[in-house]
Amino acid sequence: MLRVSGVRKVFGTADDGYVALGGIDLEVSTGEFVCLLGPSGCGKSTLLNILAGFDAVSAGAVEFDGAPIRRAGRDRVMFFQDAGAALLPWLTAEENVRFALRVRKVPKDQWPAIIGRYLAMVDLTAHRQKFPAQLSGGMRQRLQIARALAVEPKVLLMDEPFAALDALTRRRMHAFLLDIWQRTQTTVVFVTHDISEAIALADRICVMSVGPGSVITEVVRVDLPRPRDLTDPRAAGLFKDIEALLSRDLAEVA
Amino acid sequence: MPPASETVRLKRQGAGSPSLPLAVHLASTWQRFRGLLLFIASIVIGFASWQILSTFIFNPFLIPPPLVVFKTAIPMIQSGEILRDVAISLSRVSVGFIGGSAVAIVLGVMLGRVRLLNELLDPIIELLRYLSPTAMIPIAVIWFGIGEMSKYFLIFWGTFFIVLINTVAGVWRAPVIRQRAAECLGASRLQIFVLVVIPSAAPYIVTGMRIAMASSFMSIIPAEILAADSGIGFLLQNSSMLLQTNRIFVALLTICLLGFIFDRVFRIIVDRMLSRYMSYVALT
């Protein structure tokens, strides 16, 4: 369980800085899929970096399974939008997965089986000898997923991972991610600015307000069976509600 | 092989046309060897123009034509004289270059990592790097004499700052996302540094070494002209005092050739050993 209570984040000095987060409270239970939704600059990536342990909070507390989060840990794996930057470009697909096993000190004799299993899971078995530069954008994202899953994290933190992909590839990646999530029962915190993406994926959608001093304005539960049909009237209704929420917020700022 | 213009004409007519298999063949041969052929053409044209100019326009004593230079070179090669000078200059460059690169990479990696150390040493480095190896010759001779040590020192000096500055820049520019990704997979700080940061810096380090190699070939000559009794620079100086322009040109050509060959060899070695670290530069 991830618990965020009263978290504020100020960049720069305390009295003359930019207040990115103005008091966030959030609980994500084990195995849950939560989306952080909001326009650019609403601090959702900042919150994710705090959950990952990359950034410290200015006030408040973040806990994972009862222990305060102080630094990055392998139980929470961050998943970056730019897979090309996150993967090690001088290693082939299988060597990238092997890197994760190596730093995690998995016994060497188990490597081949684990590498084979996760590359197969993301459909990259045929491309295991290729370097990231030789893979398409979607393949690189799948490789990043395989590398992240190979260390068996309890939480996947995803920062707009599919924003740079074309619509068709993105839909396939959604189905793929949901399938893996349901099989491995990891907790997912997924940042996006795309309302349909949030509705397609999440158990709960946390709508964040525009910065400075962002807060979670509304939590929307999505009780629709997966795979979700976004043309379903209930999904369409949710879309309209959330869109109204976001545009009201944007209008207030303007 | 027909002349180049012929090939181009044939290629225009017949590329991809099944009725002209010969033309297609020639066109594809041209495509494959284009770089090499143009390289050879450039050299041939260069030497031919030099020969003509030296024979008909310039004073052949001041600028001896290439055929005379080659004729002068043959006995120098046969007697082993020039090879001895080449060997001694190369050994000076190699020792200084390898030593300078090694020390600079180790120190550069440390400076790239330890901010305080860098802030303390950077001003000194910024001042010292303007002292070219040539400027250091007089003091090097006093410190180390005219033996090998002074030449090792001068090449080391020239190599060190170039490789150092590039290494520090490379370590600094290791992408943050790449390091964070490794961190949350469970990599320790040491692992991130050794397995992520240093390989990320490799292209910068190699670039620095290439520049330093060129500068080493440039610095060895003045060092040997001013303070040596052997080596290519000494051959230049000695021939100049005896007004042997032919031998000066042999020495000059040798310098061109050596620098060129060494850069190619260096690139081939890098391609063989480090290509996977070099090829990704365009990716991120």
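Of the 254 residues of chain A, 42% count as buried, a residue being buried if 20 or more other C-beta atoms, placed from the backbone, lie within 10 Å of its own. The model is predicted, local features requiring pLDDT of at least 70 and side-chain atom pairs pLDDT 80 or more, while totals for chains, interfaces and linings use all residues. Residues are numbered from 1 along each chain as its sequence is written, and chains are lettered from A in the order in which they are written.

Chain A has eight helices and 10 strands; these are DSSP runs numbered from the N terminus, helices being H or I of at least four residues and strands E of at least two. The radius of gyration of chain A, 19 Å, is close to the 18 Å given by the globule rule for 254 residues, so the chain is as compact as a globular protein of that length. The radius is taken over C-alpha atoms, and the rule is 2.2 Å times the number of residues to the power 0.38. The C-alpha atoms of chain A fill a box of roughly 55 × 45 × 30 Å along the principal axes.

An open sheet of six strands in chain A has the order β6-β7-β8-β3-β9-β10, with mixed pairing; two strands pair if DSSP finds at least two bridges between them. β6 (76–79) and β10 (216–221) of chain A each have a single partner strand and stand at the edges, so one side of each lacks a neighbour in the sheet. Strand β9 (residues 204–208) of chain A pairs with β10(A) in the antiparallel sense over five bridges, and I205(A) stands opposite V220(A) in β10(A).

The contact between the chains takes 21 residues from chain A and 19 residues from chain B, two residues being in contact if their C-beta atoms, placed from the backbone, lie within 7 Å. On the side of chain B that touches chain A, two or more residues come from each of α8 (176–184), α9 (189–226) and α11 (245–278) of chain B. α8(B) gives the most, with seven residues. By class, this side of chain B has 12 nonpolar, three polar and four charged residues. Ala, Val, Leu, Ile, Met, Phe, Trp, Tyr, Cys and Pro count as nonpolar, Asp, Glu, Lys and Arg as charged, and the others, Gly among them, as polar.

How values were computed:
Buried ≥ 20, exposed ≤ 12 C-beta atoms within 10 Å, placed from the backbone.
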